[in-house]
Amino acid sequence: MKQAPDFLRIEENMRTGPLAAHDFLGSDERSLAAIIYHDRLLLEQLGLTAKDFAQRMRYFSSKAGADAGPQIVDGKFAVERAEYIGRILCPFADNFQAPKAVITVVNKELGKKVVWSDLNVHLIEEHGFFEGEGAPFRIEPSFYAEVLEI
Amino acid sequence: MSVFVTVLSLSSLATILAALVSLADYHLNDYGVCTININGGTRTVDVNGGSSILSSLAKHKIFIPSACGGKATCGLCKVTMVDTISPVLPTEEPYLTAKEIEGGVRLACQVKVKRDLEILIPGEFLTVSQYQAKVEKITKLTYDIKKFRLRLLDPAQMEFKAGQYVQVDSKLYGAVREEVSRAYSISSAPSDRKAIELVVRLVPGGICTTFLHEHVKVGDKLTLAGPFGEFYLREGADHLIFIAGGSGLAPIRPMILDILKRKLDKKMTFFFGAVSRKDLFYVDYFRDLEARYPNFTYIPALSGAKPEDEWDGEEGLITEVVARNISDPEGKQAYLCGSPGMIDAALGTLREIGIGAEHIYYDKF
């Protein structure tokens, strides 16, 4: 898939170094445009939108106090928020900055766990970007939809 | 699909235009040598135009505080422009109040030097030095927090106030192709001038914390600048409340040690919040201080204690614990250090207790 020059520049931001010690694209060999496009198709198959995802993730984030330990939400989700000093810039160069925070949700009924950062919510909501395969904060749409019951 | 292609096309057009402007700026604008006049001529430096004020001054060993290394995510590098030079950028707006904008305050990392400038900065910035240091000892405090003891080589001593921080430069490692500079509070007492200690929590994906935790070894040399910061002890209170979580303990420890060493007649209560026992550190250290000094009280608390922790101390969010233990605001000052969420929560609690904002101090990176 061809991609626009600005996506090439954004890809550079996503590589290890400029913003984080990990690569937002992971080991994915597809282009940024292709990753976004294919995840959009996946969402369509699931009958969801990126907004649905972000809204559900934000719901859980709001239920967990910073470094407050696991909180039980809706009787079956254990939600924990670890917050760090500092902020991280959005690699799409839109001037958005997210607190450095990691949210962990365990669906106790399913016995399955998902993890994301505050930045993930913005990347999904504003850019439809779930990160590349193999990236530490890759949000696998079908798995996250299952665990978060979206 | 058509929407996607349209978005891509518009993005492409915008990018091509931006790239053209950037290229034209680079190739056609030769700003030559520009003079930066600091504090009414206290210091003047000649710099090659085109770079930010922050980096231009750093080349002349004038270090403006910056916890993010110039990415406009910390808002610390404020300078006052004597002349209006250009409109405030969107990247700066979140960090500047209307009053600051009106007064000519800008972020030094976002303003490029394109002509002679006059700026005002706090005088102490001119005394900040760059240091070479050797890693003398690395101590694992918890599963994600390490203490680094750095022997100062050149200059061999640093004078600092308890609570201040230094900026450490990372080096290239692994696939990281960019050196960054990050702020870390000094966790050792100011009486020890020949070495400093830093307490660093590993941030998932953090460039500098990953460098320090996973790539720095005993004997390695590091470059750092400092001391920086206005988070230090103030006069005028007889009961100091310290609230910290995680590596936020770092600047609090030297404050407590400084007061004890100077035998100041002040009561101190240190609230330290953690999730579970595995997140606690320095417990024996502070309990020992508590046993030896009647004016010091140490209250660690766990917000998510597990049965295996066998914890019989305070439980709950650290702010809840503060509210349970402090009720009278009279004669009190509060010093906070931790994550932004903890700071915000603590500010709310202290406000409810009745401690005025003018008596609360914190660094919020």
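Which residue follows α5(A), and is its phi positive or negative?

A: The model is predicted, and every value here is computed from it. Glu149(A) follows α5(A). Its phi is positive, near 55°.

Now look at the helix itself. α5(A) covers residues 141-148. Its buried residues are Pro141(A), Tyr144(A), Ala145(A), Val147(A) and Leu148(A).

Next, step across to the partner chain. 36 residues of chain A are in contact with 37 residues of chain B. Together the chains bury about 3,000 Å² between them. Carbon and sulfur atoms carry 63% of that area. On the chain A side, Ala21(A), Tyr84(A) and Ile85(A) lose the most area to chain B. Those three make up 20% of what that side buries.

Chain B has an open sheet of six strands. The order is β15-β14-β13-β12-β16-β17, and the pairing is parallel. β15 (314-315) and β17 (360-362) of chain B stand at the edges with a single partner strand each, so one side of each has no neighbour in the sheet. Three bridges join β16 (332-337) of chain B to β17(B). Leu336(B) stands opposite Tyr362(B), which is in β17(B). Helix α7 (318-325) of chain B packs on the sheet. α7(B) touches β12 (239-245), β13, β14 and β15 of chain B, and its direction makes about 150° with that of β13(B). Helix α6 (283-292) of chain B lies across β13 (267-274) and β14 (296-302) of chain B. α6(B) runs at about 150° to β14(B).

Finally, the nonpolar cores. The largest has 36 residues. Phe242(B), Phe270(B), Phe272(B) and Tyr335(B) are among those with the most contacts inside it. β12, α5 (249-261), β13, α6, β14 and β16 of chain B each give this core two or more residues. α5(B) gives the most, with eight residues. At least three residues come from each of domain 2 (128-228) and domain 3 (239-362) of chain B. Apart from this core lies another, of 27 residues, including Ile62(B) and Leu96(B).

Key: Residues are numbered from 1 along each chain as its sequence is written. Chains are lettered from A and ligands numbered from 1 in the order in which they are written. This is a predicted model: local features need pLDDT of at least 70, side-chain atom pairs count only at pLDDT 80 or more; totals for chains, interfaces and linings use all residues. Side-chain values use heavy atoms; hydrogens and water are left out. Two strands pair if DSSP finds at least two bridges between them. Helices (H or I, at least four residues) and strands (E, at least two) are DSSP runs, numbered from the N terminus. Contact means heavy atoms within 4.5 Å. Axes are lines fitted to C-alpha atoms, for helices over the stretch in contact, and angles run from 0 to 180 degrees between N-to-C directions. A nonpolar core is a set of buried Ala, Val, Leu, Ile, Met, Phe, Trp, Tyr and Cys residues joined through side-chain atoms within 4.5 Å. Buried means under 20% relative accessible area, exposed over 50%, partly exposed in between (1.4 Å probe, protein chains only). Domain bounds come from an automatic or database domain assignment. Buried area is the accessible area (1.4 Å probe) that two parts lose on being put together, summed over both.
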